[in-house]
Amino acid sequence: MAHGFGVGLLSLTLALLALSCSQALRIHSKTKTKSAVFLSPVFELEPGSVVNRIYYNIEFPRGHIALKSFHAEVVDEAGNPIPLHETYLHHWVVARYFYRKDAATTKDDGSIRNNYLSGRNSGICQKDVLGQYFGLGSETRRTSTYVPDPFGIELGNAAEIPKGYEEMWVLNVHAIDTRGAEDKLGCTECQCHLYNVSKDEYGRPLSPDYIGGLYCCYDHTHCRVREGFEGAKRSLYLRYTVEWIDWSDHIVPVKIYIFDVTDTPVALNDSNVDSYEHSCKVEYEVRETCKATGLTSHGCVDTKRTKLRLPTGGYVVYGVAHQHTGGIGSALYGEDGRVICSSFPIYGKGEEAGNEAGYIVGMSTCYPKPGSVKILDGETLVFESNYSNTKTHTGIMGLFYILVADKLPNAKLPLFSQV
């Protein structure tokens, strides 16, 4: 079957949207979950300032459980949601790790690392890169993270926790205060000249070709604000809500995979699918190479793609992409060109939190009918990320999250119905 990757933006969007809708499901027998709301440690922001903090041993449900969802947003001390045009949530990620029981509790990153074992997801990037369980950015308020029934992300299984260690969780919050910014989009895209940065946070000189991205908007940097603008320093939090259920034999465990469109895997052993060297760079840039004419910019698309393989196949039960401003959608294809999942950004149209004009405030998700979307063992996947190239975008991302089950639930369980 032909891939048809060269289609224009309009036909691509319509085709993938139709496929995405055809796979959409309504869960009409949702398991009753437990839930809890937590706050991150406080962080302070003033106009132009940046926080990129890592918080170890955060509050999190304990015990042998099935994680069902993780929702997060930035709020003030009164619990009011903060809109993106004031504080841009570049990203938050939450990851699992194991910590030695006999080690002293400390906030020092170096000491923690000496007593730390990774509890990362199932892959596929190198080392701990993109090893989180959940993670979103500006789209956090309107993107579903719910794991459909009867599936769940298994946590707290004593048999999987290394002896002498306990399971803990770490949270990374990266937020930028854009009140009074000379160039709000430039600040959110971490354009280096706006931060007056020529070295990374470790003092290493940046390449002259690097004009924007994470290396220019690290913790304690400052984006340029309009002369004379004054705004109060304020205390903020990441408020996160966790849903879970107690583990039982009726729950089908899923694996978490995160793909990066910048990854260029190299096979180390052609006979073994696990023997790949990955090089996920997390971010990239799109240069302005197209001028929109009149009212249309349908032909102004930068398409970046890569080919990837999972260690083992399985049944896809959830999928979603992550993109930044300028993104126009992503898709994951099977080896035969079939669409495994397509995900499109939702742009805001107003001022209120969750609907901020010009920002991606949500991403569409895929909930295939169980058994309808299967990735075969050793199958080569094609991941495609599309951005508008009517202007230059720096520090952008093209990620894709999928949840994969090794087996299907009992067919007698009436948990799903097709829309």
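The legends below accompany several close-up views of a predicted model.

Residues are numbered from 1 along each chain as its sequence is written, and side-chain values use heavy atoms, with hydrogens and water left out. Because the model is predicted, local features need pLDDT of at least 70 and side-chain atom pairs count only at pLDDT 80 or more, while totals for chains, interfaces and linings use all residues.

View 1. Rolling a probe the size of a water molecule over the atoms shows where empty space is left. Here a cavity is a set of points, on a 1 Å grid over the protein atoms alone, where a 1.4 Å probe fits but cannot get out; lining residues have an atom within 4 Å of a point. A volume is the space filled by probe spheres set on the points, with grid points joined across faces, edges and corners. Look for Y133, F134, Y318, V320 and Y401, which lie nearest the centre among the 14 lining residues. Two or more lining residues come from each of β8 (134–136), β12 (252–260), β17 (314–322) and β26 (399–405). Helices (H or I, at least four residues) and strands (E, at least two) are DSSP runs, numbered from the N terminus. By class, this lining has 12 nonpolar residues, 2 polar and no charged. Ala, Val, Leu, Ile, Met, Phe, Trp, Tyr, Cys and Pro count as nonpolar, Asp, Glu, Lys and Arg as charged, and the others, Gly among them, as polar.

**View 2. The second largest cavity.** This space amounts to about 50 Å³. Its lining includes E73, V74, I82, L84 and R141, and strands β5 (65–76) and β6 (87–100) each supply at least two of the residues. The classes here are 4 nonpolar, 4 polar and 2 charged.

**View 3. The largest pocket.** A pocket is an open set of points with protein on both sides within 12 Å along at least five of seven lines. The largest one has a volume of about 1,600 Å³. Of its 48 lining residues, N52, I54, H91, N172 and L214 lie nearest the centre. Strand β6 gives the largest share of the lining, 5 residues. In all, 22 nonpolar, 11 polar and 15 charged residues line this pocket.

**View 4. The second largest pocket.** About 340 Å³ of space lies here. The pocket has 20 lining residues, and S122, E154, E160, V254 and K255 are the closest to its centre. Strand β12 provides the largest share, 5 residues. The lining divides into 9 nonpolar, 4 polar and 7 charged residues.

View 5. I402 sits in strand β26 and counts as buried because its relative accessibility is 0%. Buried means under 20% relative accessible area, exposed over 50%, and partly exposed in between (1.4 Å probe, protein chains only). Beyond its neighbours within four places in sequence, I402 is in contact with residues including K255, Y257, F259, Y318 and L332; contact means heavy atoms within 4.5 Å. From I402 to Y315 the C-alpha to C-alpha distance is 10.0 Å, although the two are 87 residues apart in sequence.

**View 6. Strand β11 and its partners.** Two strands pair if DSSP finds at least two bridges between them. Strand β11 (residues 234–246) pairs with β2 (residues 34–39) in the antiparallel sense over 6 bridges, and S35 stands opposite E243. Strand β3 (residues 43–45) also pairs with β11 in the antiparallel sense, over 3 bridges, with S235 as the bridge partner of E44. Strands β5 and β11 run antiparallel and are joined by 11 bridges; V74 stands opposite L238 there.

**View 7. Disulfides.** A disulfide is a pair of cysteine sulfur atoms within 2.5 Å, and the count comes to 6. C125 and C280 are joined with an S to S distance of 2.0 Å, and this link is left-handed, with -85° about the S-S bond. Both C125 and C280 are buried. C187 and C223 form another disulfide (S to S 1.9 Å), left-handed because the torsion about its S-S bond is about -85°. C187 lies in helix α3 (residues 184–188) and C223 in the loop between α4 (192–195) and β11, so the pair ties together parts 36 residues apart in sequence.
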